[in-house]
Amino acid sequence: MISDKVNYTTEGTMISKVKANLKNFIQITEEMTIAFYQRKDKQGYELYEKFLDALVDVVDELAYLNDNKMLQVDVSKINGRLAKALQALEINDTITFADVIQFEILSDIKMYYNKL
Amino acid sequence: MADYFDKNMKVMGESALYLYSNISEHNIEENLDEMSISSCEAKNGELIAFIHGNDYDVRLNSLYNPTNEARLWAKQYEGNASDYTQRIIVCFGFGNGYFIRELLKVITEDENIVVYEPNVNMFMHTIRNYDITDILANKNIFVAVEGINQEDLEGTLRIFGYSIMYGQVTMLSLPDYEELYQEKLVWMMGIYQKVYLSAYMSGNTALVNGAKWADATLENFTCIMKNTFIEQYEGILDGKIPVIIVASGPSLNKNMQILKEAKGKAFIIAVDSAVKYLDKAGVEPDYIVTLDVGKLLSHFQNRTAISTPMFASVESNPLVIKQNRAKKIFFDDDVNFRRWKNVDKEKMSINGAGSVALATFEIAKYLGARTIILIGQDLAFEGNASHAMGERRQEDYSTVYPELIEGNNGQLLKTRYDWFTYLCWYNEQVRAFDGTVVNATEGGAKIDNTEILTLREAIERYGAHQNDVEKVMEKIENITLQENSEDIILQGLINLKEEFLEVSQYIDEALRLITILLKENSRNVRESNMMIRSSKRLSEINQIISEKSINILLERYTYSTTIKEYKDLFVRFKDQQKNREHVYLKSKKVYQGMKEGVETMMKKVEKLLDNAKEGSN
């Protein structure tokens with residue numbers, strides 16, 4: 001049916017957009033964590049601003065995909081780990097912040113990217 | 001936690017003996033504060049270290065994965081991404097080894113790391129709880145630890161003096177160390193600056209004097225071969241009599257009369273610039289030391305300078321050498337002329353001495369002195385005077401060192417950059433000397449670990465009996481001039497000429513190879529087989545020339561060229577083809593400089609040969 005083809009095309013375009021956003025998020029996040037590991041905190045915080053912007057879009061999109069049963073995503077887990085990361089940042093522990101992002105959030109995001 | 005102490009110490013004993021011997025001999029473990037450092041497990045099972053203080057607890061590593069953190073941290077110092085090759089990495093902090101291990105992985109084979117760990121508790125905790133055998137076994141790393149071998153740091157940095165001067169150094173600090181150990185960081189930076197200053201001064205001296213040194217060595221050849229070498233006098237004093245080193249600082253005035261009374265109770269060696277003052281005061285030293293190729297003849301136009309025996313560098317001013325009528329004992333024989341006189345001994349080391357007074361200190365030690373008395377060694381201004389009799393020389397106020405230094409009388413004194421370097425040298429050498437050094441300057445800068453006495457007190461305490469002094473002086477006199485010196489001189493000059501001819505041919509071949517390399521490189525982005533073969537042959541030629549005895553003369557003659565070309569030799573371009581072209585062009589200039597040097601020096605040798613042949617006829 002034509003309407004099915006239109007829906008499929010719209011969904012395909014949306015998935016591509018989400019993938020592109022995820023890829024962008026992964027790149028920014030990796031740059032940010034490397035900056036913190038290298039003790040380039042000024043650069044790290046500048047990338048943190050971009051990280052937050054990209055994160056909002058990514059979490060919204062993943063939540064949408066989960067709600068529409070297009071991908072199984074544990075959004076509350078992501079939110080929980082993000083809270084843990086931000087707690088570390090609040091006490092200026094940029095290394096633990098980078099660790100939580102790298103090992104507990106980014107690894108899941110990469111998994112979702114590969115599944116799409 | 002596993003105990004890695006024995007395993008680490010075993011490797012340390014094999015590969016880092018400088019650390020091993022200090023830890024073993026000084027019972028380091030007895031005085032540790034074990035509560036100040038602790039370790040626990042990270043999420044991935046590796047250990048994390050904590051440093052505890054009265055009001056802080058600092059975690060050194062990632063809670064999740066210390067190796068991952070260290071690897072990403074070290075990435076910024078990767079060799080191939082750096083702007084320079086052959087870097088020296090100077091690192092403040094050893095920590096528990098993670099960062100250092102990853103740093104060792106990112107540097108290239110021809111780079112080195114010098115580490116200073118300011119906390120002995122940290123280091124000892126690490127060798128007990130962490131397996132760092134891979135780090136200890138690595139030949140590209142040197143570790144100095146506060147409380148174990150911190151005094152080795154300066155000597156190690158001096159080895160890399162020229163690299164420091166050319167900007168090939170990357171300075172870095174382990175995370176958190178700068179905040180935790182600020183005082184020790186200041187200390188380390190002080191050492192680094194001293195080394196930089198010293199290397200800079202040596203470089204400038206070499207730039208100005210290189211060709212003159214080579215020329216003077218050849219000009220002095222005839223006199224050298226008619227006299228003796230210092231290697232023939234090693235240990236001759238046998239600790240029996242003290243040596244008085246007479247330098248020409250402003251405080252020398254105070255001691256002239258007492259110095260006269262000291263004659264016959266000590267071996268009195270005067271630096272060349274002090275001689276004219278001694279002559280005016282009627283003081284006769286036993287020997288004079290001269291080494292400066294640019295020393296003005298006016299210092300030596302007096303009876304004392306003409307008639308007193310000399311210790312002379314082979315590179316001394318030839319006019320000074322010719323004017324002196326007495327016995328000469330030569331040092332600094334890098335060309336190994338002494339082999340032609342069957343003096344089969346290793347060359348005496350002047351150990352980085354940058355002035356004639358420092359060289360005299362080394363000579364005194366080499367001769368076997370166990371007590372060395374310094375006079376006139378101010379290393380500071382006395383009022384406005386820089387030298388004896390109130391003279392002010394080298395009126396360049398920009399050479400004044402910006403910080404005041406401690407004097408022997410507790411006051412703060414002005415000094416110069418070069419004197420400050422000499423003072424640092426003295427502090428290191430006197431500490432390492434296992435005899436007694438008396439600073440009888442009666443004023444001037446405080447030299448660490450010296451006994452401060454007046455000259456009269458020093459003579460009363462350490463002066464020898466006249467008989468003993470006479471016996472030692474007789475022993476020195478009995479090592480006489482060579483017989484058949486004319487034949488030796490002739491043969492030596494013939495040998496020199498043959499070596500110069502041989503090296504000239506190698507230089508011509510090297511220049512032809514470089515022309516080929518430049519042409520090939522312009523046509524090839526990647527290194528072609530012909531380029532590889534030509535580069536290999538060039539390396540062989542470098543090696544052959546470096547093994548010739550005249551190589552040292554060539555090096556000195558071409559200092560101004562090599563230092564100039566060396567300055568940015570190690571700059572790395574992203575484009576490999578450009579990199580290679582850069583190196584080939586620099587090599588061409590150096591070889592052209594060498595060719596010019598060989599031609600000039602060969603003419604001199606031929607002239608000396610003609611004179612020698614005339615003399616023998």
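**View 1. Polar contacts and salt bridges between chain A and chain B.** In this predicted model, nine residue pairs, both members at pLDDT 80 or more, are in polar contact between chain A and chain B. A polar contact is a pair of N or O atoms within 3.5 Å; within protein, one must be able to donate a hydrogen and the other to accept it, and residues adjacent in sequence count only if both atoms are side-chain atoms. Two salt bridges are also found across the interface of chain A and chain B. A salt bridge is a side-chain nitrogen of Lys or Arg within 4 Å of a carboxyl oxygen of Asp or Glu. R39(A) and E69(B) meet through their side chains in a salt bridge, with 2.8 Å from N to O.

**View 2. The side of chain A that touches chain B.** The elements giving two or more residues to this side are α1 (2-37) and α4 (94-115) of chain A. Helix α4(A) provides the largest share, seven residues. By type, the residues on this side of chain A are five nonpolar, three polar and six charged. Here Ala, Val, Leu, Ile, Met, Phe, Trp, Tyr, Cys and Pro count as nonpolar, Asp, Glu, Lys and Arg as charged, and the others, Gly among them, as polar.

**View 3. The extent of the interface.** The contact (heavy atoms within 4.5 Å) takes 14 residues from chain A and 14 residues from chain B. The area buried between the two chains is about 1200 Å², and carbon and sulfur atoms give 53% of that area. Y37(A), Q38(A) and R39(A) supply 41% of the area that chain A buries against chain B, more than any other three residues. Buried area is the accessible area (1.4 Å probe) that two parts lose on being put together, summed over both.

View 4. E61(A) lies in helix α2 (residues 41-67) of chain A. Helices (H or I, at least four residues) and strands (E, at least two) are DSSP runs, numbered from the N terminus. E61(A) is buried, as its relative accessible area is 14%. Buried means under 20% relative accessible area, exposed over 50%, and partly exposed in between (1.4 Å probe, protein chains only). Leaving aside residues up to four places away in sequence, E61(A) touches K17(A), V18(A) and N21(A).

**Notes to all views.** Residues are numbered from 1 along each chain as its sequence is written, and chains are lettered from A and ligands numbered from 1 in the order in which they are written. In this predicted model local features need pLDDT of at least 70, side-chain atom pairs count only at pLDDT 80 or more, and totals for chains, interfaces and linings use all residues, while side-chain values use heavy atoms, with hydrogens and water left out.
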